[in-house]
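The following note sets out several points on the model shown below, for the attention of a colleague. Please read each point with the structure at hand.

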Amino acid sequence: MQEDESGFEVTQLQGGWVIRMWWPAGPITGGPQRITVEPAEDAETRDIVRGISTTVLRRLDLSAAVNLAKAAPKAQETLENVTRELDAGGEVAGRLLASEGVSDRYLALLAATYAAMAESGAPAPVPWLARLIDRRPETIKDHLKKARRDGYLGTVAGKAGGDVTDKTKAVLKSISSTDSPAGISMPTTDPASSTS
């Protein structure tokens, strides 16, 4: 595996072919964004003359490559940083809920944190949020439904999470630009932008 500022590359050899899989820097949440297949330098001509076969592609061990990329030190560091920011967003949302109830500010921060958790590849963002906010998962699901109805969280067909709306961005901007209420301290970065 090779790693630099731009991302991670895992290489596998299959017959006379070199397969390179690349992920951008950041948390590894799924398969590679780019795969290249090229003849190996020492490949026999007879192995490459007919081109890449489906057998070569079937033998690609994507699962092992993903696990190797996830274990990269830079990927681990990025994942830890993202997790800290998402935890901070959830904790602030919990403090907002405790001090203001189901307010616009709470719904905006809840929506942004939930969307960022889903975008980061979290397998179960609702239970994670429930733990941080100190409420039951069913309660958090109800709050997320309200956030969608009130225009703080958009939907993306076939994808968990959702889009952070302009309405949410405006509320988050007003929270960070004004004095926060007593006991509420905003995370250092917007949870919705922690994965970009």
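1. Contacts and basis of the model. In the protein, 54% of the contacts with a separation of 6 or more join residues 24 or more positions apart, a contact being heavy atoms within 4.5 Å. This is a predicted model, in which local features need pLDDT of at least 70 and side-chain atom pairs count only at pLDDT 80 or more, while totals for chains, interfaces and linings use all residues. Residues are numbered from 1 along each chain as its sequence is written, and side-chain values use heavy atoms, with hydrogens and water left out.

2. Overall organisation. The protein has eight helices and four strands, where helices (H or I, at least four residues) and strands (E, at least two) are DSSP runs numbered from the N terminus. Read from the N terminus, the order of the elements is β-β-β-β-α-α-α-α-α-α-α-α. Of the 196 residues, 40% count as buried; buried means under 20% relative accessible area, exposed over 50%, and partly exposed in between (1.4 Å probe, protein chains only). The protein exposes about 10,900 Å², of which carbon and sulfur atoms supply 48%; these areas come from the Shrake-Rupley method with a 1.4 Å probe.

3. The largest nonpolar core. A nonpolar core is here a set of buried Ala, Val, Leu, Ile, Met, Phe, Trp, Tyr and Cys residues joined through side-chain atoms within 4.5 Å. The largest has 33 residues, and Y106, I133 and I140 touch the most other members. Two or more residues come from each of α4 (73-100), α5 (104-119), α6 (125-133), α7 (137-149) and α8 (166-177). The greatest contribution is that of α5, with eleven residues. Beyond four places in sequence, Y106 touches A93, L96, L97, G101, I133, I140 and H143. A second, separate core of 13 residues includes V10, V56, V66 and A72. In soluble globular proteins, nonpolar side chains tend to be buried together.

4. Helix α6 and the residue after it. Seven of the nine residues of α6 are buried, so this helix is largely enclosed by the rest of the structure. The buried residues are P125, V126, W128, L129, A130, L132 and I133. D134 then follows α6 and lies in the loop between α6 and α7. With a relative accessible area of 62%, D134 is exposed. Although not a glycine, D134 has a positive phi of about 65 degrees. Most residues other than glycine have a negative phi. T168 lies in helix α8 and counts as buried, at 0% relative accessibility. Leaving aside neighbours within four places in sequence, T168 is in contact with A108, A111, A112, Y152 and L153. G151 is placed in the loop between α7 and α8 and, at 27% relative accessibility, counts as partly exposed. With the same exclusion of neighbours within four places, G151 is in contact with T165 and K167. The C-alpha atoms of G151 and A108 are separated by 9.1 Å, and the two residues are 43 apart along the chain.

5. The largest pocket. On a 1 Å grid over the protein atoms alone, a pocket is an open set of points where a 1.4 Å probe fits, with protein on both sides within 12 Å along at least five of seven lines, and lining residues have an atom within 4 Å of a point. The largest pocket has a volume of about 260 Å³, a volume being the space filled by probe spheres set on the points, which are joined across faces, edges and corners. Of its 13 lining residues, P24, P27, I28, T29 and Q33 are the closest to the centre. The lining divides into five nonpolar, seven polar and one charged residue; Ala, Val, Leu, Ile, Met, Phe, Trp, Tyr, Cys and Pro count as nonpolar, Asp, Glu, Lys and Arg as charged, and the others, Gly among them, as polar.

6. The second largest pocket. This pocket has a volume of about 210 Å³. Its lining is formed by Q14, G15, G16, W17, R46, D47, R50, G51, S53, T55, V56 and R59. Two or more of the lining residues come from each of α1 (45-48) and α2 (54-58). By class, there are two nonpolar, six polar and four charged residues.

7. A43 is found in the loop between β4 (34-39) and α1. Not counting residues up to four places away in sequence, A43 touches G16 and I48. A43 and G15 are 28 residues apart in sequence, and their C-alpha atoms are 7.9 Å apart in space.
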